[in-house]
Amino acid sequence: MEILSRGLPFALKKRALPIQYSTYPLLIAGTLITSPAPASEQGHDQVDILETIVVTATREEARLADTAASIGVLNEDDIKAISPTHPEQLLNRIPGVNIVQIGSSGEGHMAAIRQPISTTPVYLFLENGVPVRSPAFFNHNSLYEVNVAGSQGIEVTKGPGSALYGSDAIGGVVNVLSGPFSGEDNATVGLEAGSDDWKRATLDGNTSKNGHDFNYNLSLSDNGGWRDNTESDKVTFSSGWGSDLSDSVSHHTLLTFSRINMNTGGSGLRYDDFKDNPSQAGNLIGFRDVEALGACRS
């Protein structure tokens, strides 16, 4: 699958608003109360409050506080701190969002955003504003084609978004964002291991040269699964290039690739098996072999 389209401006930008304050103590009925001083009398300490800027709800930059839609935001610091192995570990931190990992230890998912959980295709999944899959195509499991752990932010619009995004966005919109890049030269290598033969190696970095910023993220993971026939391996790669064309114009190009081989295991265990030996696979569902290639420019 190859997508080439004009994306959206990046979200999660911050604007600093200087606020100055001083305090005057008032003693009323033995209680110490502090009150902010008038603006004309300010001049002591200064605090910068960072505003969150979103793009998904209106398809243009807007302050989150001024946006009528209900939007959940995860920034790059959240993603780096959690280092998710599955999108549900991130998205379930947003109130009103429930992503369920299916296939036991697999990469699949079911979604519930302000409605019952199901595989119904009522949610639109975007990468930098570009649909991960074609319109009217079954969008269940779309997130396993996106490099969520290597992104710079996620926005979730909770509720209908069809007026802007079409019929795929009946229940909500999930927009995975990459960029802008830091412009600083750095590289990070990660090696992880866990139970059930789970392993992951990651490479993430930025570099800047002659006014051009480059970013790359590579993740290789392998999971043996805690149940029979639930093993999987996944490769995700994303690379971005950005530069300022003028003082007011910039561009960003993103290239992504993902490949997944996943045994989906099954269900249908008898009660005795579920109670005494739940690691059995039950009836086998199938094997997924997925490759996805995408590109977007903004």
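Figure 1. Phe257 is a residue of strand β17, which covers residues 250–263. The structure shown here and in the following views is a predicted model. Phe257 has a relative accessible area of 31% and is therefore partly exposed. Together with Phe237, Leu255 and Leu293, Phe257 makes up a nonpolar patch on the surface. The accessible area of these residues together is about 300 Å².

**Figure 2. The second largest cavity and its lining.** Four cavities of 30 Å³ or more are present in the structure. Which residues line the second largest cavity? The lining consists of His109, Met110, Ala111, Ser118, Thr119, Thr120, Tyr123, Phe125, Asn139 and His140. Strands β8 (108–113) and β9 (123–127) each contribute at least two residues to this lining. The largest share, three residues, is supplied by β8. By residue type, the lining of the second largest cavity has six polar and four nonpolar residues, and no charged ones.

**Figure 3. The salt bridge between Glu145 and Arg133.** Seven salt bridges are found when the whole structure is searched. In one of them, Glu145 pairs with Arg133, with 2.6 Å between the closest N and O atoms. Both Glu145 and Arg133 lie in the loop between β10 (130–131) and β11 (153–158), so the pair ties together parts that are 12 residues apart in sequence. Is Glu145 buried or exposed? Glu145 is buried, because its relative accessible area is 12% and the cut-off for a buried residue is under 20%. Arg133 is likewise buried, with a relative accessible area of 12%.

**Figure 4. The salt bridge between Arg200 and Glu192.** The side chains of Arg200 and Glu192 form a salt bridge with an N to O distance of 2.8 Å. Glu192, with a relative accessible area of 27%, is partly exposed.

**Figure 5. The salt bridge between Asp273 and Arg270.** A salt bridge joins Asp273 to Arg270, and their closest N and O atoms are 3.2 Å apart. Asp273 counts as buried because its relative accessibility is 15%. Arg270, at 59% relative accessibility, counts as exposed.

**Figure 6. Asn128, a residue with positive phi.** Although Asn128 is not a glycine, its phi is positive, at about 55°. Where is Asn128 found? Asn128 belongs to the loop between β9 and β10. The relative accessible area of Asn128 is 2%, so this residue is buried.

**Figure 7. Asp197, in the loop between β13 and β14.** The loop that holds Asp197 runs between β13 (186–194) and β14 (198–209). Asp197 is a residue other than glycine with a positive phi, near 60°. Is Asp197 buried or exposed? Asp197 has 55% relative accessibility and therefore counts as exposed.

**Figure 8. Gln89 and Gln101.** Gln89 is part of helix α2, which spans residues 88–91. With 32% relative accessibility, Gln89 counts as partly exposed. Gln101 is 12 residues from Gln89 in sequence. In space, the C-alpha to C-alpha distance between Gln89 and Gln101 is 9.4 Å.

**Figure 9. Ala201 and Leu220.** Ala201 sits in strand β14. This alanine, Ala201, is partly exposed, and its relative accessible area is 28%. How far apart are the C-alpha atoms of Ala201 and Leu220? The separation is 5.3 Å, for two residues that are 19 residues apart along the chain.

Notes: Residues are numbered from 1 along each chain as its sequence is written. This is a predicted model: local features need pLDDT of at least 70, side-chain atom pairs count only at pLDDT 80 or more; totals for chains, interfaces and linings use all residues. Side-chain values use heavy atoms; hydrogens and water are left out. On a 1 Å grid over the protein atoms alone, a cavity is a set of points where a 1.4 Å probe fits but cannot get out, and a pocket is an open set with protein on both sides within 12 Å along at least five of seven lines; lining residues have an atom within 4 Å of a point. Grid points are joined across faces, edges and corners, and a volume is the space filled by probe spheres set on the points. Helices (H or I, at least four residues) and strands (E, at least two) are DSSP runs, numbered from the N terminus. Ala, Val, Leu, Ile, Met, Phe, Trp, Tyr, Cys and Pro count as nonpolar, Asp, Glu, Lys and Arg as charged, and the others, Gly among them, as polar. Patches are made of residues with over 30% relative accessible area and no salt bridge: like charges are joined within 9 Å, nonpolar side chains (Val, Leu, Ile, Met, Phe, Trp, Tyr) within 5 Å. Accessible areas come from the Shrake-Rupley method with a 1.4 Å probe; for residues, only the protein chains shown count as cover. A salt bridge is a side-chain nitrogen of Lys or Arg within 4 Å of a carboxyl oxygen of Asp or Glu. Buried means under 20% relative accessible area, exposed over 50%, partly exposed in between (1.4 Å probe, protein chains only).
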